Amino acid sequence: MDENAREQALLTALTTEHFVLQTSRSATITESVGRATVFMSLLSAALIGLGFVSSSAQLIKPYLGAVLPTLVIVGLLTFGRLVQTMRENSLDLQRIQHIRSYYHRRLAGEYTFFADSVTGEADKPAIGAAVASRPARWQLLLTTAAMVAAVNGLLIGLSATLLTALLSGSLGLAIALGAAVAVAAFAAQVVYINRTSIWLTA
């Protein structure tokens, strides 16, 4: 195969790969929205159910005992998958930027097409340019995974509050401990997002 034929075959393969990667990104976004919606719908249904049983002292304790662990488990599983899809999306974006940087080097010539895909360092792919700027760590708090992490923290803190109040009988201690547990649970999930995310190392 001569050089021109090889170049044309590579361009065709890269165009196909670009399409596949963009489709994969769309799929991860759709899955993230779907999972978050299911979790929030389950939470809303649980709160509506709580409203029905709140007037009965005999029903509210077993209701919370059954519902809160379920919500926490579903929330943590949802959070874990949202972090995975966020990472998959970021990896797909990296690969797309590599392809776009090839387009820029080989095809753009003197034009500025695809110029946002490379840095000034020997045409090194620029990942952050694809989303307008390189994200800072605090911007990970704006993700769907962080939103679910916040809800999970509240649910875990509420569980700790109710359990402490039931065992100790001290409402003040229960509230203080529950708040501390909620903050710690949220912080632990944010740390996990930071360690798993590839945005800042791309």
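## Basis

Residues are numbered from 1 along each chain as its sequence is written, and side-chain values use heavy atoms, without hydrogens and water. The model is predicted: local features need pLDDT of at least 70, side-chain atom pairs count only at pLDDT 80 or more, and totals for chains, interfaces and linings use all residues.

## Fold

The chain has four helices and zero strands. Helices (H or I, at least four residues) and strands (E, at least two) are DSSP runs, numbered from the N terminus. The order from the N terminus is α-α-α-α.

Of the 202 residues in the chain, 36% are buried. Buried means under 20% relative accessible area, exposed over 50%, partly exposed in between (1.4 Å probe, protein chains only).

## Helix 2 and helix 4

The axes of helix 2 and helix 4 (residues 171-196) come within 10 Å. They cross at roughly 25°. That makes helix 2 roughly parallel to helix 4 (angles under 35 degrees). Axes are lines fitted to C-alpha atoms, for helices over the stretch in contact, with angles from 0 to 180 degrees between N-to-C directions.

## Val151

Val151 lies in helix 3. Its relative accessible area is 14%, so Val151 is buried. The C-alpha atoms of Val151 and Val72 are separated by 9.1 Å. Along the chain, these residues are 79 apart.

## Leu142

Leu142 sits in the loop between helix 2 (57-108) and helix 3 (144-168). Leu142 is exposed, because its relative accessible area is 65%.

Terms used. Angles under 35 degrees count as roughly parallel, over 145 as roughly antiparallel, 65 to 115 as roughly perpendicular and the rest as oblique.
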